[in-house]
Amino acid sequence: MKIHKYKQCGLNIVIDVNSGAIHVVDDVVYDILDHYEAKNKEEIYRILKDKYSKDEIEEGIEEIEYLKKEKMLYTEDIYKDVILNGEGPSYIKALCLNIAHDCNLRCKYCFASEGNYHGKSELMSFDVGKKVIDFVIKNSGPRRNIEIDLFGGEPLLNFEVIKKIIEYAKEEEKKYNKNIRFTITTNATLLNDEIMEYIDDNMGNIVLSIDGRERVNDKIRIRRDGSGTYKDIMPKIKDMISRRKEGKQYYVRGTFTHENLDFYNDVLHLADEGFKEISIEPVVLPDDNPLALKEEDLPQIFEQYDKLTDEIIRRNREGNGFKFYHFAIDVNGGPCIYKRISGCGAGHEYVAVTPKGDIYPCHQFVGNEKYNMGNVFEGTLNKEIVNEFKNGHIYNKTDCLECWARFYCSGGCQANNYNFNEDIYKPYKLGCSMMKKRIECAIAIKIKLSENNSVE
């Protein structure tokens with residue numbers, strides 16, 4: 001598939017798949033494109049003569065031919081041979097540090113089995129943390145910038161070790177001319193003045209978990225005794241964000257399930273509470289889980305994305321906008337083509353480390369011994385697993401080859417692919433459908449908010 005066309009926000013939008021060029025076209029061109037590749041001019045005249053004049057059709061065909069000549073429509077894929085022949089080394093650029101395999105909450109959709117990843121509850125020691133820093137510096141090669149996400153369970157259960165690891169990283173990065181940037185993902189229940197001050201000073205980004213409206217959050221994000229968390233965490237999250245110094249990032253992150261398919265209201269609730277960086281993401285659960293999303297949910301999910309698109313445009317024009325993480329797509333050239341083809345880099349540029357120092361392709365593979373890649377004390381990675389993930393790009397995924405969204409979604413999440421299909425090369429179809437809808441909405445927002453109503 002070389003082009004994709006759709007209607008959104010009253011616009012006729014056409015995407016040239018291989019070049020990434022985006023066009024807003026009139027009705028004539030939009031309809032001609034249904035027949036352009038398969039029919040000649042006379043056949044197109046005959047098909048559309050009751051709708052448009054011959055001059056209008058002629059002009060539309062000329063416009064398409066001009067865009068084609070200028071390599072802005074029906075372009076060829078120039079990246080395939082480069083990627084398939086790429087055999088250079090892989091360097092670790094990011095790492096998920098599972099500082100705590102334990103949690104003080106019992107969220108009903110937790111993929112990590114209430115924080116312990118299907119094993120026993122444990123906290124990472126400083127000795128293991130030091131080895132992790134040594135490992136990532138050694139395996140980052142020529143890369144100067146390294147990202148480390150402090151994760152759990154709930155990482156703040158291990159706050160004292162976090163502080164020691166960060167201090168050690170600051171010492172080591174100077175020795176090796178590295179720049180190590182930390183992010184923390186927290187449920188916000190343990191935030192206090194000391195922790196918030198430390199986090200603001202030492203974290204480049206903070207991810208704060210809340211699912212939106214009180215009734216939605218408190219049905220899912222619960223404590224061990226079954227009580228909800230909203231009234232406790234909402235003021236703490238606001239306090240944490242209010243302390244963020246200029247240039248420091250944050251976002252509030254939630255999850256929607258089969259039970260709150262009206263998640264548009266959860267996004268707006270968070271926006272109305274004053275948050276400017278918001279993510280409400282679809283739950284990923286086995287089909288037999290009552291919270292799991294289903295194929296029949298897609299029309300309602302798409303309707304929510306459409307409503308959210310219109311609201312984001314309206315609020316931005318009124319000067320009260322916010323960023324919705326899943327609509328934050330750079331249509332003007334980013335990210336780099338390699339990332340657009342290969343995705344997040346799990347298993348070869350990005351790994352996760354457990355409290356014992358075991359290494360997995362990402363945090364969602366932790367506990368799956370088939371994908372245990374090694375240990376930081378050994379310092380080496382299983383090359384077969386590295387190569388399996390390195391080659392898990394769109395050109396090795398049959399389902400992606402003819403998909404218009406392949407350069408935006410990069411073949412989907414490898415963990416979701418494996419968990420649903422036992423094959424990282426076979427995309428998770430429900431996720432594909434939602435991703436394609438989000439891309440369409442994101443592009444429409446970019447166009448609507450641009451000054452001249454077009455994007456090149």
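Guide: The lining of the second largest pocket splits into five nonpolar, eight polar and three charged residues (Asp, Glu, Lys and Arg are charged; Ala, Val, Leu, Ile, Met, Phe, Trp, Tyr, Cys and Pro nonpolar; the others, Gly among them, polar). This is a predicted model, with local features needing pLDDT of at least 70 and side-chain atom pairs 80 or more, while totals for chains, interfaces and linings use all residues. Numbering runs from 1 along each chain as its sequence is written, and side-chain values use heavy atoms, without hydrogens or water.

The space in this second largest pocket comes to about 310 Å³ (the volume filled by probe spheres set on the points, joined across faces, edges and corners). Ser90, Asn139, Leu381, Lys383 and Val386 are the closest to its centre among the 16 lining residues (an atom within 4 Å of a point; a pocket is an open set on a 1 Å grid over the protein atoms alone, where a 1.4 Å probe fits, with protein on both sides within 12 Å along at least five of seven lines). Helices H5 (126-139) and H13 (383-390) are the elements giving two or more residues to that lining, and H13 has the largest share, with four (DSSP runs numbered from the N terminus: helices H or I, at least four residues; strands E, at least two).

As for the sheet, its 10 strands form an open, mixed arrangement in the order E12-E11-E10-E9-E8-E7-E4-E13-E14-E15 (pairing takes at least two DSSP bridges). Edge strands E12 (323-324) and E15 (374-375) each have a single partner, so one side of each lacks a neighbour in the sheet. Further in, E4 (residues 94-98) and E7 (residues 145-151) run parallel, joined by five bridges; Leu95 has Ile148 as its bridge partner in E7.
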